[in-house]
Amino acid sequence: MKTREGYFSEKIRDIAYIEQLDKLGNMQRKVYDIIKKYGPCSTEFIAITLNVYPHQITPRVKELREMGLVYFYDIGQSPTSGKAVSLWKVTRVDPQLRMMF
């Protein structure tokens with residue numbers, strides 16, 4: 001059976017993704033879990049959910065982005081200020097890979 005081009009590199013990427021989750025700090029894990037649970041959400045929403053200030057969340061989102069665990073999804077609107085905000089979403093992992101871990 002012929003394997004699709006890029007199949008193996010995608011599997012390696014997915015394994016590296018799972019390994020990154022084990023290295024998360026306490027606040028990084030909390031931020032990641034909220035984004036995963038609630039879907040696309042803003043830094044403001046995460047801060048309200050965790051009962052902390054948004055400036056405590058922004059660096060964690062940046063770190064998660066650099067690790068490839070979350071990505072910019074869309075532009076939303078802040079319910080408090082009405083201004084545009086970035087919405088973040090968890091990077092998708094191959095469902096079959098999840099079964100391995």
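This is a predicted model: local features need pLDDT of at least 70, side-chain atom pairs count only at pLDDT 80 or more; totals for chains, interfaces and linings use all residues.
Trainee: Which glycine takes a positive phi just after α4?

Mentor: Helix α4 covers residues 54-66. Just after α4, a positive phi of about 80° is taken by Gly 68.

Trainee: Within what arc do the buried residues of α2 fall?

Mentor: A residue is buried under 20% relative accessible area, exposed over 50% and partly exposed in between (1.4 Å probe, protein chains only). In α2 the buried residues are Gln 28, Val 31, Tyr 32, Ile 34 and Ile 35. The arc is that of the directions from the helix axis to the C-beta atoms. These residues line one face of the helix, because they fall within an arc of 160°.

Trainee: Which exposed residues does the face of α2 turned away from its buried side carry?

Mentor: The buried side of α2 includes Val 31 and Ile 35. The face turned away from that side carries exposed residues, namely Asn 26, Lys 36 and Lys 37.

Trainee: What arc around the axis do the buried residues of α4 cover?

Mentor: In α4, the buried residues are Ile 57, Val 61 and Leu 64. They lie on the same side of α4, because they cover an arc of only 60°.

Trainee: Which residues have the most contacts inside the largest nonpolar core?

Mentor: A nonpolar core is a set of buried Ala, Val, Leu, Ile, Met, Phe, Trp, Tyr and Cys residues joined through side-chain atoms within 4.5 Å. In soluble globular proteins, nonpolar side chains tend to be buried together. The largest core here has 16 residues, and those with the most contacts inside it are Val 31, Tyr 32, Ile 35, Ile 46 and Leu 64.

Trainee: Which element gives the largest share of this core?

Mentor: At least two residues of the core come from each of α2 (26-38), α3, α4 and β2 (84-90). The largest share is four residues, and they come from α2.

Trainee: Is Thr 43 buried or exposed?

Mentor: Thr 43 is found in helix α3 (residues 43-50). Leaving aside neighbours within four places in sequence, Thr 43 is in contact (heavy atoms within 4.5 Å) with Pro 54, Ile 57, Thr 58, Val 61, Ser 86 and Trp 88. With a relative accessible area of 16%, Thr 43 is buried.

Trainee: How far apart are the closest N and O atoms of Arg 29 and Asp 33?

Mentor: A salt bridge is a side-chain nitrogen of Lys or Arg within 4 Å of a carboxyl oxygen of Asp or Glu. Arg 29 and Asp 33 both lie in α2, four residues apart, about one turn of the helix. Arg 29 is partly exposed at 31%, and Asp 33 is partly exposed at 34%. Their salt bridge has its closest N and O atoms apart by 3.6 Å.

Trainee: What is the angle between the planes of Phe 72 and Trp 88?

Mentor: Rings of Phe, Tyr and Trp (its six-membered ring) pair if their centres lie within 6.5 Å; planes under 30 degrees apart count as stacked, over 60 as edge-to-face and the rest as tilted. By this rule there are two aromatic pairs. In one, Tyr 38 and Phe 45 are edge-to-face, because their planes stand at 75°, with centres 5.2 Å apart. Phe 72 and Trp 88 form an edge-to-face pair, 6.0 Å centre to centre, with an angle between the planes of 80°.

Trainee: How many residues apart in sequence are the parts that this pair ties together?

Mentor: Phe 72 is partly exposed, with a relative accessible area of 44%, whereas Trp 88 is buried at 9%. Because Phe 72 lies in strand β1 and Trp 88 in strand β2, the pair ties together parts whose separation in sequence is 16 residues.

Terms used: Residues are numbered from 1 along each chain as its sequence is written. Side-chain values use heavy atoms; hydrogens and water are left out.
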